[in-house]
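The sequence and structure come next.

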Amino acid sequence: MSVSITGSVRLELPPPPPGLKAEYEALFTSDALLFLHELISTFNEGVDKVLCLRVSRKANLDLSGGLPNFLEHTAHTRRDQAWRVLPVPQRLQRRHVDIGDLAPCDTQRFIKALQSPAQGIQVDFDDGNCPTFYNQIRGIYNVLQAVHNQLPNIPHISEFPLLMLRPRAWNMVEHNMMVGGREVPGPLFDFGLLMFHCGYKLFENKSGPFFYLSKVESYLEARLWNDIFVWTQQKLRLPLGSIKATVLIENVLAAFEMEEILYELQEHSAGLNCGLWDYSASFVTKFGHRQAFLLPDRSKYVSMEKRFLHSYMDLLVQTCHRRGALATGGMAAQLLPQDQLHESYSTILAAVTRLKLLEIRAGVDGFMVYDLSFIEPMQRLFQLYTEGDNQLDQLRHDVNVTPEDLLSMPSGGVTLHGLKYNITVGVLFIKAWLSGKGQFFYRGQVEDSATAEISRSQVWQWIRHHTQLEDNSRVVSRRLVTELTKEVELELRTVCPSLRCKQNLHVAAEIFLEVVLKRDFPEFITTYLNQDHTFLSSQSPHQEKALDTHLPQPKL
């Protein structure tokens with residue numbers, strides 16, 4: 001339907017999804033719509049420009065055969081030792097353990113997280129969330145209720161974990177709202193509603209507004225976010241610097257611009273974050289057609305201990321601490337058995353502890369876990385191995401990272417197990433999206449769009465380069481991947497409880513093959529799915545309502 005806000009200001013918005021009429025009306029008030037319209041109209045062109053610059057930059061790298069490097073025209077920013085980011089508010093200074101990948105449309109898990117002893121919650125509208133209209137409305141409304149202490153049995157806003165709000169990335173579109181005759185950028189939709197309804201209340205209680213910014217690829221994109229923050233604070237009469245944001249360095253190109261990204265967000269920076277799978281997948285996105293950047297089997301040869309990844313983490317910590325910014329690590333995706341006497345409990349805990357100790361010793365100020373059972377064991381690691389609220393005094397003078405360090409691919413090959421594992425994760429992720437879910441559990445850990453990205457990226461790249469399997473020297477080909485995908489589908493059908501589940505699984509397998517057999521690499525699997533007719537038609541109102549009520553809740 002078309003909504004007229006004033007005589008001259010119009011936008012288009014469909015009716016509410018079934019069961020969300022009250023939530024819809026609470027979010028889309030006349031004042032909120034007017035704010036959204038103005039925000040989107042002001043920055044629509046800026047979003048278009050940064051997306052065009054991405055395409056231009058990729059084309060230039062492809063045509064020239066060049067490699068990224070630290071930028072010459074911003075060398076003065078890096079050489080200037082005087083500048084620092086503004087100090088963060090008190091509650092942000094000690095954020096050892098955040099809960100990651102928490103899609104707030106999952107009301108039960110959201111409430112459990114708010115009751116937990118974690119220091120923060122990554123309130124995720126991006127990687128761990130499937131952006132159906134139902135999920136966006138339910139999720140944003142749940143945040144509004146939490147901030148205004150209207151959810152049952154939760155502490156006061158000043159006492160529950162900090163809400164680190166993560167809007168969608170620049171590549172995502174919100175199909176259900178049109179401004180100026182165009183669908184609107186997903187991140188502006190999410191950010192605008194969250195700020196309008198929650199920004200002042202969070203600031204008033206010294207608990208925000210704080211954000212995670214996904215998939216930023218350059219300092220110009222950070223500049224755009226900074227402009228959005230300044231404009232929003234003026235409109236909502238918040239002091240400059242009230243908004244703080246942690247930028248996720250999830251792209252190899254951004255790794256060469258970390259100081260510049262901090263510089264652009266000086267008044268609004270809450271630091272930088274390093275992860276594993278989105279960052280690794282970005283090598284395929286930018287250089288996957290080049291043999292020199294063939295990424296080996298991730299299940300066997302890729303970890304944060306490899307040169308290209310530990311160099312990236314070391315540089316991120318050094319850069320942040322030199323500029324007075326916090327540096328945070330990635331998310332532990334493993335799930336602990338609920339029974340502490342289970343034979344695998346101590347093994348899983350020891351494995352996660354070892355990897356997280358590597359991050360702590362590298363100087364990170366905090367990291368994320370998915371399973372709430374990890375919160376207290378990981379907090380104890382910080383108590384045992386660090387002093388104070390953070391590790392800002394760890395300046396890492398020992399670090400001297402070169403472009404060669406950042407671009408050094410690990411050695412190793414491809415196994416049949418790794419190929420089949422990647423196929424399975426890719427298929428199950430697409431199936432989850434067709435079911436309105438942004439994550440799923442497989443082999444003892446949570447999987448989301450980050451692991452789906454690296455999985456389908458590797459399969460595409462291995463086909464492209466005719467990679468041989470270590471096991472039997474078979475070549476990874478269209479035929480082999482098609483055979484294995486059908487094999488995976490047959491195996492997964494045995495655990496499908498319904499005909500609809502089997503149908504979604506079959507469609508997911510078909511879409512997966514479509515993605516990995518493309519001549520040109522689709523940059524983001526989420527963009528591909530979000531613009532695909534099959535996914536869009538699967539999100540009809542009656543299906544969305546059914547999804548919310550009938551699917552089992554994930555492990556808390």
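## Terms and basis

A residue is called buried under 20% relative accessible area, exposed over 50%, and partly exposed in between (1.4 Å probe, protein chains only). This is a predicted model, in which local features need pLDDT of at least 70 and side-chain atom pairs count only at pLDDT 80 or more, while totals for chains, interfaces and linings use all residues. Residues are numbered from 1 along each chain as its sequence is written, and side-chain values use heavy atoms, with hydrogens and water left out.

A salt bridge is a side-chain nitrogen of Lys or Arg within 4 Å of a carboxyl oxygen of Asp or Glu. The count by this rule is 37 salt bridges.

Glu25 and Lys21 form a salt bridge, with 2.7 Å between the closest N and O atoms. Both lie in helix H1 (residues 21–27), 4 residues or about one helical turn apart; helices (H or I, at least four residues) and strands (E, at least two) are DSSP runs numbered from the N terminus. Glu25 is partly exposed at 46% relative accessibility, and Lys21 is exposed at 52%.

## Bridges to helix H11

Lys215 pairs with Asp278 in a salt bridge at 3.7 Å, N to O. Lys215 sits in the loop between strand S8 (210–213) and helix H8 (219–235) and Asp278 in helix H11 (residues 277–287), so this pair ties together parts 63 residues apart in sequence. Lys215 is buried at 7% relative accessibility, as is Asp278 at 11%.

Lys286 and Glu217 form a salt bridge at 3.1 Å, N to O. This pair links helix H11, which holds Lys286, to the loop between S8 and H8, which holds Glu217, across 69 residues. Lys286 is buried at 2% and Glu217 at 3%.

Through shared partners, salt bridges join Asp124, Asp126, Asp127, Arg166, Lys215, Glu250 and Asp278 into one network.
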